[in-house]
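Here is a quick tour for someone meeting this model for the first time. Have a look at the picture, then read on.

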Amino acid sequence: MTPVARISAAIEVLDDVFSRRRPVADALKDWGLAHRFAGSKDRRAIGDLVFDALRHRASAAWAAGGEDGRAVMLGLMRTHRGLDVAGIERQISGERFAPEPLSAEERAALAEDRLAAAPDPVRGDYPEWLADELGRVLGETTVAEMRAMAEVAPLDLRVNTLKCDADRAARELASELGRQPERPALAPLCLRLPVEPERGEPHIASTESFLKGHIEIQDLGSQLAAEFAGARPGMQVLDICAGGGGKTLAMAAAMGNHGQIFAYDSDRRRLAPIHDRLARAGIRNVQVRAPKPNTDVLDDLEHRMDLVLVDAPCTGTGTWRRNPDAKWRIRPGSLAERIKDQVAVLDQAARYVRPGGRLAYITCSLLPSENGDQIAAFLDRHPGFSVVDPASVVAAYEAEAMVVLGEAVTLLPQGLMMTPLRSGTDGFFVSVMTLRS
Ligand SMILES: C[S@@+](CC[C@H](N)C(=O)[O-])C[C@H]1O[C@@H](n2cnc3c(N)ncnc32)[C@H](O)[C@@H]1O
């Protein structure tokens, strides 16, 4: 396909997403099925265009003065590809499969510099109805943070210390992929592969390092969140929202395979990948407890756990770098649902903490209603718990990892927050609490 035909295809997919409110993955898949002549490079290029357009949907639409796929694609070229009107006209001209030439109105809109006067949610590319919530926690940095949230995320890997050390894993990856991973200063066990659009994402899951269990794919923010929970060798730990096991694996490594982790999730299908992942990582101290009908499979753990981790179901507003589609799909009703889920799982989790034990609550969301407000309400319902000073949570990690987090982590009254701009991670909130002895 020619570059201009790819642009036309991306417009078609975007219109499908916008007009039928379809998930982007479904729209791209259907487009591929209906256009079998398109090769893998074409599909990747169209996918990249569509994802880029979704990252910057509001600002691009504003710049072009329209709302549909065509307007967003034209605006994207203007605001995020640095093209002027003549440049855009060159990009979309061609004999076959080219979009219609620019109309006089489009040309006029694209010629103006409209974005400077746009409202904050447009300049920062986030939904207007979340502006107050985001502003409450991000304040004056909201637009800058949301702009960072609209960029493409790097690929982060966690070195599995049960099998390998960071220097060796970095050498292995460099020789397998032909590129040297970065070593973010915040975490000695993180290897980072920045985006290289022309090469596409490396296929980590087929590397020897991955297959041997030397590395796991995990965002740096998720790695740090698991560290902040404070699992230590010998502890009894319940990971009550274990899902595919990202945090379970990180905690098992931090515990050096000593002590016990119970991995539970109310949805047994979500637990399915954990078995292979545990085996690959050489983990021996995890017992997977899948739910069973009419049986409380966690009964014997009540009041016994040194640490209960709640990696809570949430809106995922912190992961918009990876799912730009999600920021336009989230609705007030789904936020309200997640808040209810969080109340339920926190109340359940509290039962398993031993006196003097810890309860760690994590979300990949930046919304205070899922984070600080949720913890404040929990403390009202459970007066035996209190928040561990977030500064001391950070200090404990810094001492252990021999790093300084400084401004990379934002300390809040009920916990701490990581953000794309300040931390270079997905957005995360972590609150650590203790139960009175
Ligand atoms: C953020 S995901 C967990 C991700 C996982 N910990 C990881 O690091 O890969 C949240 C999980 O909570 C589970 N969940 C939701 N409500 C729950 C409940 N009441 N009890 C246990 N798990 C629950 C969901 O099924 C989902 O798998």
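## What you are looking at

This is a predicted model, in which local features need pLDDT of at least 70, side-chain atom pairs count only at pLDDT 80 or more, and totals for chains, interfaces and linings use all residues. Residues are numbered from 1 along each chain as its sequence is written.

For the complex, the predictor gives an ipTM of 0.99 and a pTM of 0.96.

## Three domains

The chain is assigned domain 1 (3–118), domain 2 (155–217) and domain 3 (220–435), with bounds that come from an automatic or database domain assignment. Between the C-alpha centres of domain 1 and domain 2 there are 33 Å.

Let's zoom in on H11, a helix of twelve residues (166–177). Helices here are DSSP runs of H or I with at least four residues, strands are runs of E with at least two, and both are numbered from the N terminus. From first C-alpha to last, H11 reaches 16 Å, close to the 16 Å expected at 1.5 Å a residue; that expected span is 1.5 Å times one less than the number of residues. Just after H11, Gly178 takes a positive phi of about 70°.

Ala166, Ala169, Ala170, Glu172 and Leu173 of H11 are buried. They sit on the same side of H11 because they cover an arc of only 165° around the axis, going by the directions from the helix axis to the C-beta atoms. On the other side, Asp167 and Ser175 are exposed. (Buried means 20 or more other C-beta atoms within 10 Å of the residue's own, exposed means 12 or fewer, and partly exposed is in between, with C-beta atoms placed from the backbone.) The cover over the buried residues includes strands E1 (155–159), E2 (190–193) and E3 (215–217), along with helix H12 (208–211).

## The active-site entry

UniProt, in an unreviewed entry, puts the feature "active site" at Cys364. UniProt positions use the numbering used here, feature names are shortened, and annotations may be inferred rather than shown by experiment.

Cys364 is in the loop between strand E8 (353–363) and helix H19 (372–381). Cys364 counts as buried because it has 25 C-beta neighbours inside 10 Å. Leaving aside neighbours within four places in sequence, its contacts include Cys314, Thr319 and Phe428; two residues are in contact if their C-beta atoms, placed from the backbone, lie within 7 Å.

Asp265 lies in the loop between strand E5 (260–264) and helix H15 (268–271), while Asp311 belongs to strand E7 (305–311). Asp265 counts as buried, with 24 C-beta neighbours inside 10 Å, and Asp311 is buried too, with 25.

## An exposed lysine

Finally, Lys340 lies in helix H18 (332–350). Lys340 is exposed, with 11 other C-beta atoms within 10 Å. Its C-alpha atom is separated by 42 Å from that of Ala170, 170 residues away along the chain.
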